[in-house]
Number of protein chains: 2
Amino acid sequence: MNAAFAELKQRLAETHDLAKAMAVLGWDQRTMMPRLGGEARAGQLATVGKIHHELFTSDEVGRLLEGLRPYEESLPYDSDEASLIRVTRRDWEKERRVPAELAGEILREGSRGQAAWLAAKQASDFSLFLPALRKVTELALRYAECFDAGDSPYDAFLDDYEPGMKTAEVKAVFDVLRPELTAIVREAGPPADDSFLHGDFPVARQEAFLRDLLPAFGFADGAWRLDPTVHPFCTSFSPRDVRMTTRYSPAGVRALFASMHEAGHGLYAHGLGPSLERSPLARSPSLGLDESQSRTWENLVGRSRPFWERYYGPLQETFPEQLAGVGLDDYLRAINRVVPSLIRVDADEVTYSLHIILRFELEQEIVSSTLALEDLPEAWREKSRELLGIVPETDAEGVLQDVHWSRGGYGYFPTYALGNVISLQLWRRIQHDLRGLDDQLAAGDFHQLHGWLQERLYRHGRKFTPKETLERVLGSGDLDPQPFLEYLREKVQVYQPA
Amino acid sequence: MNAAFAELKQRLAETHDLAKAMAVLGWDQRTMMPRLGGEARAGQLATVGKIHHELFTSDEVGRLLEGLRPYEESLPYDSDEASLIRVTRRDWEKERRVPAELAGEILREGSRGQAAWLAAKQASDFSLFLPALRKVTELALRYAECFDAGDSPYDAFLDDYEPGMKTAEVKAVFDVLRPELTAIVREAGPPADDSFLHGDFPVARQEAFLRDLLPAFGFADGAWRLDPTVHPFCTSFSPRDVRMTTRYSPAGVRALFASMHEAGHGLYAHGLGPSLERSPLARSPSLGLDESQSRTWENLVGRSRPFWERYYGPLQETFPEQLAGVGLDDYLRAINRVVPSLIRVDADEVTYSLHIILRFELEQEIVSSTLALEDLPEAWREKSRELLGIVPETDAEGVLQDVHWSRGGYGYFPTYALGNVISLQLWRRIQHDLRGLDDQLAAGDFHQLHGWLQERLYRHGRKFTPKETLERVLGSGDLDPQPFLEYLREKVQVYQPA
C-alpha cells in the first residue's frame, strides 16, 4: 500500500476514534447522565472536539491529501481508496475554514444550550431558553461566515447535513409539498378513531415486543441497544455497537413506531462495509439519506398492511386488554390516521412535512435576521395556524418541542422532509426490483428488503455524495416529491374512515 | 494569577477532560456496551489514552513546571496551587518515563485482555485467558522497566496505586495480618446461620432500598447513578456525576453491601473540593485511602449494629417473606458471619484480607518470574488451601474470579487490604472525635460522620500523598494493622453463634 495513504488512514482512524468517543459522551449525556453532570460533560465534549478539530485540520493531513492526488487519480473513482481521499479532502477544506476556538465554543455552548432547553421545556417557558438560543445562534452565524456565501447564508448550514445541496433546491421541493400536503390533509376527511391506542400499554411489554422485532429487521445479536430518552435518536460507536433510543409512554404505542424509526437509522450504521470502518466514510452520505431509511422502516414497512398482517396478532397478544377486540382494518386506519397535531414527532405522515416546512421557513427568517429571536414563539404560533390550522397553547408544545436549535443546529430540520421524499423514490425502485415484497413482509421476512438496502446503500457509507448515491441507485440524482405525494394520496384514499 | 500557572491549569484541565472521557468510555464498556462493541472500544480507548499521554507529558508542561518552581516555593506547601504543581511534577516525571507507544499498547491490550478474561470466566477455562494474560504481563513488566528498580520491580506497580509506598511496607503489614487473621478465623468458631439470607430478594426491591439509602449517606440528588455490572466498580466524571455499579442477585442481599461499598468510593469522588476540579488533584490520594472509605461505609457503618437498628425494620418490610421472622441479633450474626469461601468479593471481613494476601504472594512470584503463568491455576489452588483451607474446583471460582490481572493491574490487590487497615485507623479517630456516633447511626443520621470525612479527607482530593494525608488526620503516616485486628477480634466475640 502507498505509504502516504497508509499514514493518512492511520491519522483518520485516530480522529474517527475521537469522534466516536464524543458520540459515547453524547449518548451517555442524553440517556444516562445524572442531571448535575452537564457542566463537566460540556467541558469534556469541548476538549475532545477541539483536539479532534486540530488533528483533522492539521497541515500534515493537508500535505498528505495533496501528495496523494496522483495516487487518487490512478484509482477508480468508486474505489474505497479514491473515495476516502476525495471525501476527506472535501471535509478537510471545509473544516480548515473554521477556527478551532470557534468549533470548541460551538460544542461547549451547544451542550449548555441543550441543558437550558431541557429546563425551559420542562417549565414550558421560552424566556428561560432565549439567552442560550441567542448565544448558539450567534455562533451558528459566525460559523456560516467561515464559508463563501452561497445564494443564501443558509447554504452553509445545509451543506453540513446534505453535502452539495442548496437552499434553493430545498425550497423548490417544499414549494411543491406545501400546497399539495395541505390539500391532502383536507382530502383525508375526518380522522379515524384511534381511541383504542390510548390506554394501558405497559412499557415492559413494549420493550419485549421491540426486542423480538428489531433482530428480525436485520440486527445481529450483541450489536445494539435500545434505551429510553427524552428526544429519541440513534448513534453508533461502530457497526457492531449501535445505540437506538426511544421515548416510552405507558399510555400508548407511539414508542413502537419511534423505535422502528430509529431502527432504520440503526440499520444504516450497522450495515457499513468493513473496509470503511474507522474512517470519514463510516457513516451515511447525508441526514436526508439516513432519514429515508428511518422513514422506510417506520412507515413504508412499519405502517403497512403486509407488516401488520404478520405482527398484529403478536401485538394483540401483547396488549389483549387494549386490542383483543380491534380488527386489523381498524388498527391500520388508526395508525395511519391523518390529523394536524402540535408535536412533530407524533405527527402523521402527511402533516409531518408541514411541521418541517414551518421550521424551515422560520429558520430562513432567523438566518436573514428578519425575525428577532424573542418573537419566535409568536411567529411559531402564526406559522402553525397557517400550515396546520392549530395553535400551541404552551411553549413546550410549540417552539420548545425540539432539541435541535438548542445546539445551533439550523439546516437540520429540512433533512427530515427530504428523507420522506427520498424514501419513496427508493421504495418505488425496491417495489420494482423485489417482486413478492408484500408477501415477504406479510411473512415477517425482511431479508430481501434488508439485503437490497444493504447492498445498494448501507455498505457504501459516505463514499458518494447524496446526489451520486441517488444516481447510482435510481439513475437520477434529482429530488422528486411526486412519488411521496402519490403514496400519501393513495393512503388517505385507502384509509378513509369506514 | 501567575500567567504560567494559568496556562498549566488550562492544559491540565484539558488532559483531565480526556481522562474523564476515557472514564465514560470505560463505564459504558462495563455497564452498557453490547457484546460486539469491544474491539472498536479498545481502539477508541487507546487513541484517547495516547493523546492524553502525549499532551500530559509534553515538553511544554515540563517547561511550565520548571518555570513555576519559584512560584511554588513562594506559596504554602498545603495551598491548592503549590500542591497542584508538586503533584503534577511527580506525575509528569513518572509518565515521561513511559513511551507513548507502550502506554497505548497497555491500554489496547488491557481492553482485549478484559474481553478474553470475560469469555474465559464464562467458560471457566483459564487456557482461554492465558495468551492475553501473557501479553498484558509482558507489557506490565516492560512498564516496570521504565522506572529505577526499587528493592523490588513490584515497587513500580505499587507506586501507581499507593504513591511512595514500597513493597517491603506492604509485606510488613501482611506479615502481621497473615498469622493473626488465620487465628481469628479459628477463634470465630462455627459460622452463624445465614440461611434466611438466601432465597427470594427481588432485584427491583433491592434497587428501591438502595435508592432511599444512598442519599442519606450524603449524595446530592441528580449527581449519581447505580447500575448493574459483572464486577462492581465506581467511577466519576465530575463530583456531580458519580457512577456506582453493583451486581444484583435475586437470591440474596449481597448487592446491598456491595453497593454501600461502592458508595464509599462514590462519596470520596462526590466530596472533592471545587477548587481542585478538572485537575490532577481531582481524585483520592491512593487506592488504599479510597478503599478505606468503601470499607468504612460497607462494614464499619453498613455491618454495624447501630446502622441496622435504624434500617433493619425497613429491610424487613422490603423483604417480609424472608425476614419477617428473623430477629435483629440473628440478622447481625448472619451478615457478620466468618467462614472461608472461594470468592473474594463475597468474603467476610476476616477472610477478605487473606484473599488479598493470596494474590499479593502470587503477584510476587509472577513478577520475579519464579512462577510460570501456565502454572497459575495450580498455584492458586495451593495458596487457597494454605490460607483459606479450601480449594476452588473451577477456574471461574479460582484464578479467573477477578478482572484486575486481565488489564495487567499487578500491585492493585494489596490496596484492598490496606484499605481495611486504614479504615480502622481512621475509625478510631472518628470514634474519639464524634461522641454519640452510635446514636447518630442508629437514627440514620450520617451528617456528622460524612462531614468529618468530607472535611478531613474527601475535599482535599490528591493534594497530599497517602502518608501525608494520614499524618494530617492521625498525627502519624504509618500503617498500623492493630486497630483492624482488634476490631475483628472483638467482632468475632460479639457475634459468636448463639
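Arg381(A) has a relative accessible area of 26% and is partly exposed. This is a predicted model. The partner of Arg381(A) is Glu378(A): the two form a salt bridge, with 2.9 Å between the closest N and O atoms. Glu378(A) is also partly exposed, at 37% relative accessibility. Both residues belong to helix H17 of chain A, which covers residues 376-388. They are 3 residues apart, so about one helical turn separates them. Side chains of opposite charge can pair when their charged atoms come close.

How many salt bridges does the structure hold over all chains? The count is 92. Some of them join parts of a chain that are apart in sequence. Take Glu39(B) and Arg112(B), whose closest N and O atoms are 3.0 Å apart in a salt bridge. Glu39(B) sits in helix H2 (residues 38-56) of chain B, while Arg112(B) sits in helix H6 (residues 100-123) of chain B. The pair therefore ties together parts that are 73 residues apart in sequence. Arg112(B) is partly exposed, with 34% relative accessibility.

Now turn to Asp402(B) and Arg344(B). Their side chains meet in a salt bridge at 2.8 Å, N to O. Asp402(B) lies in the loop between helix H17 (376-388) and helix H18 (414-433) of chain B. Arg344(B) lies in the loop between helix H15 (328-335) and H16 of chain B. The pair ties these parts together, 58 residues apart in sequence. Are the two partners buried or exposed? Asp402(B) is buried because its relative accessibility is 7%. Arg344(B) is buried too, at 2%.

Salt bridges link Arg247(A), Arg254(A), Arg295(A), Glu298(A), Arg303(A) and Asp346(A).

Charges can also sit over rings. Arg310(A) lies over the face of Tyr311(A), and the distance to the ring centre is 4.3 Å. In chain B, the charged end of Lys94(B) is placed over the ring of Phe147(B), 5.4 Å from its centre.

Next come the rings themselves. A pair of aromatic rings is described by the distance of the centres and the angle of the planes. Over all chains, 60 aromatic pairs are counted. One of them is Phe174(B) with Phe360(B), an edge-to-face pair. Their centres are 5.1 Å apart, and 85 degrees lie between the planes. Phe174(B) is in helix H9 (residues 167-187) of chain B, and Phe360(B) is in helix H16 (residues 349-367) of chain B. The pair links distant parts of the chain, 186 residues apart. Why does Phe174(B) count as buried? Its relative accessibility is 3%, and buried means under 20%. Phe360(B) is buried as well, at 3% relative accessibility.

Tyr268(B) and Tyr458(B) make a tilted pair, because their ring centres are 4.9 Å apart and their planes stand at 40 degrees. This pair, too, links distant parts of the chain, 190 residues apart. Tyr268(B) belongs to helix H11 of chain B, whereas Tyr458(B) is in the loop between helix H20 (447-456) and helix H21 (466-474) of chain B. Both Tyr268(B) and Tyr458(B) are buried. In chain A, ring pairs build a cluster whose members include Tyr154(A), Phe157(A), Trp380(A), Trp405(A) and Tyr416(A).

Helix H11 of chain B leads on to a sheet. The helix spans residues 254-270 and lies across E1, E2 and E3 of chain B, at about 160 degrees to E3(B). The 3 strands form an open sheet with mixed pairing, in the order E1-E3-E2. Strand E1 (224-228) and strand E2 (234-238) of chain B are the edge strands, each pairing on one side only. On average, neighbouring strands are turned by 20 degrees against each other, direction ignored.

Strands of a sheet pair through backbone hydrogen bonds, either parallel or antiparallel. E1(B) and E3(B) run parallel and are joined by 5 bridges. Leu226(B) has Met244(B) as its bridge partner in E3(B). E1(B) is largely enclosed by the rest of the structure, because 4 of its 5 residues are buried.

E2(B) runs antiparallel to strand E3 (residues 241-246) of chain B, with 4 bridges between them. Here Thr235(B) has Arg243(B) as its bridge partner in E3(B). Chain A takes part as well: its helix H2 (residues 38-56) packs on the sheet and touches E2 and E3 of chain B. The direction of that helix makes about 80 degrees with that of E2(B).

Notes:
Residues numbered from 1 in each chain as written. Chains lettered and ligands numbered in written order. Predicted model: local features only at pLDDT ≥ 70, side-chain atom pairs only at ≥ 80, totals over all residues. Heavy atoms only, no water. Pairing = 2+ DSSP bridges. Helix = DSSP H or I, 4+ residues; strand = E, 2+ residues; numbered from the N terminus. Axes fitted to C-alpha atoms, helices over the stretch in contact; angles between N-to-C directions. Contact = heavy atoms within 4.5 Å. Phe/Tyr/Trp six-rings, centres within 6.5 Å; stacked < 30°, edge-to-face > 60°. Buried < 20%, exposed > 50% of the residue type's maximum accessible area, 1.4 Å probe, protein only. Lys NZ or Arg CZ within 6 Å of the ring centre and 35° of its normal. Salt bridge = Lys/Arg side-chain N within 4 Å of Asp/Glu carboxyl O.
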